[in-house]
Amino acid sequence: MNSSPVVILTALNLEYDAVRSRLTDLRVHRHPAGTRFEVGRLGGCRVALGLVGKGNHPAAVLAERAMAEFSPAAVIFVGVAGALWPSIRLGDVVVASQVYAYHGGTSEDDGLKARPKAWEIPHGAGQIAQHLARSGEWFRGQPGDAAPRVHFAPIAAGEIVQDSAVSEQARWVRQHYNDAVAIEMEAAGVAQAGHLNRALPVVVVRGISDRADGTKTATDGENWQPRAVAHAAAFATALAQELVADDAADQRETAKRNRQAQMGITNRNIASGNARVGVQAGQIHGNVTVGWEPEQPADLATAIGELRDLLKQAHRDGQLDEDTYAAAETELDTAGDCLQEETPQSRSVLMVSLRRLRGLVADVTELAARLAAIMAVAKGLS
């Protein structure tokens, strides 16, 4: 399973609560700048959930903060939007194939000229979302006789609430962003943050709660917001699990190819009867190593420092609880002190601390592998 979580962000508490209700094992994660996330589980997927508030600017800042804090596999922005076309029904789900920041432009003597800025959904994430929509599995177990339609189309993201079909802004959007099917206020900020973080996959999922045509008060009174939010949350949480599963499959395939490359030659042996097969390796020169041996660190102090960084990241990702993380930090501190003393007794204490640490992090594959390499070097000191 991928060690990185999926970050899910929302603008409204109603949207936040709809996602939160689907998570288990929740714990608060405090960012040093004061932002509070909640980290939980969604089946085999870890999720970091955050509330960004209204508007593209706060959405961009807090999305960037979440990306730096959790190093996620992907970011999903979940919420409601207004429909721009009659074919988009209340309660439908729109997955943004593109996000338009429609307030960019230049004012000239003959009028305001659009300067479009847009971000496309990453191809892989888009393919997974399309497959999920076709399967209909995302809506299984939800209230209602039939799943809402899922549309893959552009979304327009601006800085003001649009609730008119004839206003100057409505005409501007219709003229310059005619293929947009929904309009909202945060997706451009989140998309920009993802673009600036090494093109981190960002998927925007919106439930249609109004028609952006002056009837918003009426549709809100008919409780379309909670229904639209529930549909968007159902699709987004199902998508999070699919994204993690797909990423884990890619990692397994990459690891398999790396092992095959390290072995050099791949042979298939078939034995029948009482025959036994050993190792078939073709022509051999020099030493033979079967399997993969992790690279051992040259400097223990540096290796322990790197292990401390990995330990911190595992804690942020929810792989280590507070008590385990604190105990592991204590053992690392002891190990670091022992390295500085360089006496036979300190080397003995070093190995004891590393063994204790191994017991604490055994369930975290990357930490356990790195620690095994460190222990192999430490044994050579005694």
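Is phenylalanine 139 buried or exposed? I found phenylalanine 139 buried, because its relative accessible area is 7%. For my notes, buried means under 20% relative accessible area, exposed over 50% and partly exposed in between, with a 1.4 Å probe and protein chains only.

A word on the source before I go on. I am reading a predicted model, in which local features need pLDDT of at least 70 and side-chain atom pairs count only at pLDDT 80 or more, while totals for chains, interfaces and linings use all residues. Residues are numbered from 1 along each chain as its sequence is written, and side-chain values use heavy atoms, with hydrogens and water left out.

**Entry: aromatic rings**

I took rings of Phe, Tyr and Trp (its six-membered ring) as paired if their centres lie within 6.5 Å, calling planes under 30 degrees apart stacked, over 60 edge-to-face and the rest tilted. By this rule I get 5 aromatic pairs. Tryptophan 138 and phenylalanine 139 make an edge-to-face pair, because their ring centres are 5.2 Å apart and their planes stand at 65°. Tryptophan 138 counts as buried, at 5% relative accessibility. The rings of tryptophan 138 and phenylalanine 235 are edge-to-face too, with centres 5.3 Å apart and planes at 75°. I noted that this pair links distant parts of the chain: tryptophan 138 is in the loop between α3 and β10, phenylalanine 235 is in helix α7 (residues 224-263), and 97 residues separate them. Phenylalanine 235 is buried, at a relative accessible area of 0%. Elsewhere I wrote down a cluster of Tyr100, Tyr102 and Tyr177, linked by ring pairs.

Helices (H or I, at least four residues) and strands (E, at least two) are DSSP runs, numbered from the N terminus.

**Entry: proline 143 and arginine 227**

I located proline 143 in the loop between α3 (123-135) and β10 (150-157). Proline 143 counts as exposed, at 68% relative accessibility. Arginine 227 is 84 residues from proline 143 in sequence, and their C-alpha atoms are 9.9 Å apart in space. I also checked the charged end of arginine 227, which sits over the ring of tryptophan 224, 3.8 Å from its centre. The rule asks for NZ of Lys or CZ of Arg within 6 Å of the ring centre and within 35 degrees of the ring normal.

**Entry: strand β3 and its partners**

Strand β3 (residues 36-42) has 5 of its 7 residues buried, so the rest of the structure largely encloses it. I count two strands as paired if DSSP finds at least two bridges between them. Strand β2 (residues 24-30) runs antiparallel to β3, with 5 bridges, and threonine 24 has arginine 41 as its bridge partner. β3 and strand β4 (residues 45-51) are also antiparallel and joined by 5 bridges. Here arginine 41 stands opposite arginine 46. The β3 and β4 hairpin has 2 residues between its strands, and glycine 43 in the turn has a positive phi of about 65°.

**Entry: the cores**

I defined a nonpolar core as a set of buried Ala, Val, Leu, Ile, Met, Phe, Trp, Tyr and Cys residues joined through side-chain atoms within 4.5 Å. The largest has 39 residues, and Leu9, Val75, Val99, Val204 and Ile208 have the most contacts inside it. Helix α2 gives the most to this core, with 6 residues.
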